[in-house]
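This briefing is meant to be read alongside the sequence and the model.

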Amino acid sequence: MKKKSIFISSTGTETGKTYCTVQIIKGLLSKKLNISPYKPILSGFDRRKIKISDSFKILKEVKSVVNYKDINNITPWIFKQPLAPSLAALKENKTLHYDKVLEWCLKRIKNRNKKNFIKIFEGAGGLLVPIENKKTTLDLVKDLDIPLVIVVGNYLGSLSHTLSIIKNIENYNLDLINIILNQNQDDSLNINDTEILLKQSLGKKILVRKVFKNSNYKS
């Protein structure tokens, strides 16, 4: 079960996480693998512009026609305001309970009808974004017990942000399988230099991949 599910998160917003999620899905599909993408929580959703939403972009890779109902099936917690999920829920008088999110995700992982599918979960915002009270996406990945991929933007300060996140990941004893370094923000910084510093600073060997393409997928 553990090898057939992946959680994709990031150090924060605007790192190109959805773009990288789409590329991962495309890569797996090219290997003739079956994929089920999920994004449990989504903020900043405009129902009049569903095609620019993260959920639409990841779902479009496995489904030719996508409507709002399809999006709601993979994203049950949808908020209009582009805020942290817990705050967006409060402002929109909606409920967002950590236990319910965890239960929903576990059901998708254990779904026997799709036991041969690789389940790809994309988080909302960064790994430490709050879901409810003190519970964050970090807690969700821990309780799901599935491998983690972190998307990192190449910008001044990204190394510090990345290493801080990795310390939290290590404290939670999560299975970090990949760091994706995405050149999507500051072209003045050499992505190869950032990669070298990151690898030198890591306490253990973690695969670091680079993406050189700027992206409109900024969540």
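Predicted model: local features only at pLDDT ≥ 70, side-chain atom pairs only at ≥ 80, totals over all residues.

The lining of the largest cavity divides into nine nonpolar residues, two polar residues and one charged residue.

**Cavities**
- Two cavities of 30 Å³ or more are found when the whole structure is searched, and the largest cavity holds about 60 Å³ of space.
- The residues that line the largest cavity are Phe7, Pro40, Ile41, Pro85, Val101, Glu122, Gly123, Ala124, Val129, Ile131, Thr137 and Leu140.

- Strand S1, which spans residues 5-10, is mostly covered, with six of its six residues buried.
- Side chains in a regular strand alternate between the two faces of the sheet.
- In S1, Ser5, Phe7 and Ser9 point one way while Ile6, Ile8 and Ser10 point the other way, and all are buried.
- S1 pairs in the parallel sense with strand S5 (residues 118-122) over four bridges, and in this pairing Ile6 stands opposite Ile120 of S5.
- S1 also pairs in the parallel sense with strand S8 (residues 148-153), over four bridges, where Ser10 has Val151 as its bridge partner in S8.

**The largest nonpolar core**
- The largest nonpolar core comprises 62 residues, and those with the most contacts inside it are Leu140, Leu148, Ile169 and Ile179.
- Helix H5 (residues 98-110) gives the most to this core, contributing six residues.
- Setting aside neighbours within four places in sequence, Leu148 is in contact with Phe7, Ser9, Leu127, Val141, Ile169, Leu174, Asp175, Leu176, Ile177 and Asn178.

**Helix H6**
- Helix H6 (residues 137-144) is largely enclosed by the rest of the structure, because six of its eight residues are buried.
- The buried residues of H6 are Thr137, Leu138, Asp139, Leu140, Val141 and Leu144; of these residues, Thr137 and Leu140 are also named in the lining of the largest cavity.
- The cover over the buried residues of H6 includes S1, H5, strand S6 (130-132), strand S7 (135-136), S8 and helix H7 (158-171).

**Ser55 in helix H2**
- Ser55 lies in helix H2, which covers residues 54-59, and Ser55 counts as buried because its relative accessibility is 0%, where the cut-off for buried is under 20%.
- When residues up to four places away in sequence are not counted, Ser55 touches Lys39, Leu42, Ile71, Ile74 and Thr75.

**The second largest pocket**
- The second largest pocket contains about 360 Å³ of space.
- Its lining is made up of 15 residues, and those lying nearest the centre of the pocket are Gln23, Ile24, Asn178, Ile180 and Arg209.
- At least two lining residues of this pocket come from each of helix H1 (17-30), strand S9 (176-182) and strand S10 (208-211), with H1 supplying the largest share, five residues.
- By class, the lining of the second largest pocket consists of nine nonpolar, three polar and three charged residues.
- Asn178, one of the residues nearest the centre of this pocket, is also among the residues in contact with Leu148.

Methods:
Residues numbered from 1 in each chain as written. Heavy atoms only, no water. 1 Å grid on protein atoms, 1.4 Å probe; cavity = no way out; pocket = protein on both sides within 12 Å on 5 of 7 lines; lining within 4 Å. Points joined across faces, edges and corners; volume = space filled by probe spheres on them. Nonpolar A, V, L, I, M, F, W, Y, C, P; charged D, E, K, R; others polar. Buried < 20%, exposed > 50% of the residue type's maximum accessible area, 1.4 Å probe, protein only. Pairing = 2+ DSSP bridges. Core = buried A, V, L, I, M, F, W, Y, C linked by side-chain atoms within 4.5 Å. Contact = heavy atoms within 4.5 Å.
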